[in-house]
Amino acid sequence: MAKWEEIAAEKRAQLAAAIPKEYMIPDDQLPPADRLDVSKVPEELLPKEVIEITELTAVEIVDAIAKGKYTAVEVITAFIKRAVLAHQLLNIFTEFFPDLALKRAAELDDYYKTNGKTIGPLHGLPISLKDQFRVKGIEACMGYVSWIGKPDTENSTIVDLLLDAGAVFFVKTNIPTSLMAGETRNCVFGQTVNAYNRTLAPGGSSGGEGAIVSMKGAPIGIGTDIGGSIRIPSSFSGIYGIRPSHGRFPYLKVANSLEYNEAVVSVDGPLAGSVEDLVLFSKALLQNEPWKHDPRVIALPYKGYEVPNRPLVFAIEPNDGVVTPHPPVLRAMKMVAETLKNAGHEVFEFKSYKPAEGLDLLIRAWTVDGGENIQSDLDASGEPGIPDIMPFVKGYKALTMTELFKFNKDKLEYKTEFLEYMNAARSPNGKKIDAWIRPVGVVSSVPAGQLKLRYLGYTGLLNLLDYTSVVIPVTKCDPTIDLPAPAPGTGIFTEVEKLSWEDYKPEDFKNGPVGVQIIGGRLEEERMLSIASVVDKALKSAK
């Protein structure tokens with residue numbers, strides 16, 4: 001065994017030892033490995049009082065605590081038990097610290113008892129963290145063997161602000177090495193899988209958050225997104241998420257690969273069980289004025305948005321013309337379009353501006369250093385890394401300063417042209433667009449660990465543009481109706497499209513969730529959350 005393998009094995013042993021046996025379900029009571037959909041297993045194995053609490057939304061939880069129905073200790077204890085079961089089924093955790101969480105919850109209960117009120121809008125709310133968020137005294141190895149054994153000495157800024165709002169943190173979740181993959185696996189913690197089909201991945205890079213929220217092991221999780229890393233897990237896991245624009249939420253003191261790369265900037269945001277929970281999180285965070293703590297945050301309080309009392313105008317883009325989505329994704333887009341039409345809204349098919357050109361710019365942005373940053377962290381331990389990230393490590397050379405200036409010019413020109421295109425866009429009836437809707441990706445999920453997430457253009461383009469995007473769930477892959485077909489052959493990336501459609505064998509994707517993106521411009525978080533709620537309610541009413 002190589003030295004790096006010994007270090008990784010020791011880290012896994014430490015994690016296993018951190019999970020008290022009294023919270024675990026005995027192995028002989030767990031479902032067999034060939035039971036693929038385990039989303040309902042908690043309801044079968046956990047006590048009624050645990051289910052009663054963990055089935056609540058985040059909005060309902062903070063309301064119940066504020067009214068004295070539950071204590072913070074009761075709530076966190078229930079979620080600890082459900083999260084542990086989720087981990088036993090899906091391999092989610094990277095760090096687990098229930099003792100800190102219980103101590104924090106007890107302090108909140110003491111405050112409530114003494115003062116007769118809550119400490120803030122998230123009082124007692126359990127929140128899970130993607131591994132890269134720093135918690136004092138806890139590690140953030142981010143899937144790198146070389147980062148193991150280095151506990152953090154301070155919290156990420158967003159962690160401090162959410163603590164001020166009353167949040168309770170208890171777990172950190174799995175990611176791909178370096179974060180630069182739409183999958184969730186690494187050489188330290190292994191592969192995380194999907195609650196609805198354990199042969200599928202939960203997406204990435206915030207896949208651990210997608211998995212734990214989909215299993216209701218946490219009502220809200222915090223992820224990050226530099227190419228789709230909040231939105232892909234939200235879609236693959238059948239939950240809700242928002243990619244805010246850069247500068248809306250604080251990112252200071254968050255661990256990262258490609259840290260300080262301004263060519264394209266990672267953002268953080270919530271994954272949750274409802275649009276209303278995304279709103280709760282956003283309001284609570286911005287109430288604490290993060291611009292006074294992170295100089296990159298814009299001083300923009302949460303301002304709300306009232307949806308106009310008229311039919312809305314939706315630009316629907318089922319296919320970007322670069323790589324055609326699989327049948328379940330096309331069906332989801334058709335469902336959304338028909339539902340909105342039936343609800344009285346105006347819907348028209350839309351084509352975005354030169355998406356292949358935008359993707360080329362995005363790849364240049366991801367690889368400005370020629371992979372040096374990631375490779376150096378792999379070399380520090382001797383670990384090989386995961387195949388998913390190798391294109392970003394081996395496939396490009398670092399830009400010179402002159403080349404970087406040229407890239408910045410090309411990026412600005414493209415973003416300007418795209419903005420002008422969107423400003424000029426009108427429906428067939430001559431009306432301005434209220435929201436742009438497009439798939440989250442080509443697939444409903446991918447077989448875990450098989451390198452079949454071949455195209456990130458549907459999400460990545462929005463990172464380049466820095467547009468707000470909210471993901472809502474729509475449906476799941478159904479092999480009886482989402483039938484296989486030859487590759488359409490119409491995409492600009494013909495070979496990628498061909499391989500992707502060859503991958504599609506309906507039974508292999510069975511039950512994989514499909515979401516869509518509800519998109520607006522920069523810094524339009526409130527507006528897009530409100531419009532996403534309209535779309536979500538229409539879909540639910542149509543079922």
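User: Which residues of helix 17 are buried?

Analyst: This is a predicted model, in which local features need pLDDT of at least 70 and side-chain atom pairs count only at pLDDT 80 or more, while totals for chains, interfaces and linings use all residues. Residues are numbered from 1 along each chain as its sequence is written, and side-chain values use heavy atoms, with hydrogens and water left out. Helices (H or I, at least four residues) and strands (E, at least two) are DSSP runs numbered from the N terminus, and buried means under 20% relative accessible area, exposed over 50%, partly exposed in between (1.4 Å probe, protein chains only). In helix 17, residues 494–503, the buried ones are E497, S500, W501 and D503.

User: Why do the buried residues of helix 17 line one face, and what do they pack against?

Analyst: Seen down the axis, the buried residues of helix 17 fall within an arc of 150° (taken from the directions from the helix axis to the C-beta atoms), so they line one face of the helix. By contact (heavy atoms within 4.5 Å), the buried residues of helix 17 pack against helix 11 (327–342).

User: Which residues are buried in helix 4, and what arc do they cover?

Analyst: Helix 4 spans residues 58–66, and A58, I61, V62, A64 and I65 are buried there. These residues are on the same side of helix 4, because the arc they cover around the axis is only 160°.

User: Which elements cover the buried residues of helix 4, and which residue just after helix 4 takes a positive phi?

Analyst: The cover includes helix 3 (48–54), helix 5, helix 6 (98–115), strand 6 (220–225) and helix 10 (275–287). Just after helix 4, the residue with a positive phi, about 80°, is G68.

User: How many residues does the largest nonpolar core have, and which have the most contacts inside it?

Analyst: Such a core is a set of buried Ala, Val, Leu, Ile, Met, Phe, Trp, Tyr and Cys residues joined through side-chain atoms within 4.5 Å. The largest has 174 residues. Its largest share, 12 residues, comes from helix 5 (residues 72–90). Those with the most contacts inside the core are F93, F170, F314, I472 and I518.

User: Which element gives the largest share of the lining of the largest pocket?

Analyst: On a 1 Å grid over the protein atoms alone, a pocket is an open set of points where a 1.4 Å probe fits, with protein on both sides within 12 Å along at least five of seven lines; lining residues have an atom within 4 Å of a point. The largest pocket is lined by 33 residues, with Y196, K216, G238, I239 and G273 nearest its centre. Helix 8 (207–214), strand 12 (469–476), strand 13 (513–519) and helix 18 (525–542) give two or more residues to this lining. The largest share, 4 residues, comes from strand 12.

User: Which element gives the largest share of the lining of the second largest pocket?

Analyst: The second largest pocket is lined by 21 residues, and F392, L453, R454, Y455 and L456 lie nearest its centre. At least two lining residues each come from helix 12 (355–366) and helix 14 (390–394). The largest share, 3 residues, comes from helix 12.

User: Is S178 buried or exposed?

Analyst: S178 sits in the loop between strand 3 (168–173) and strand 4 (185–186). Its phi is near 80°, a positive value in a residue other than glycine. At 1% relative accessibility, S178 counts as buried.
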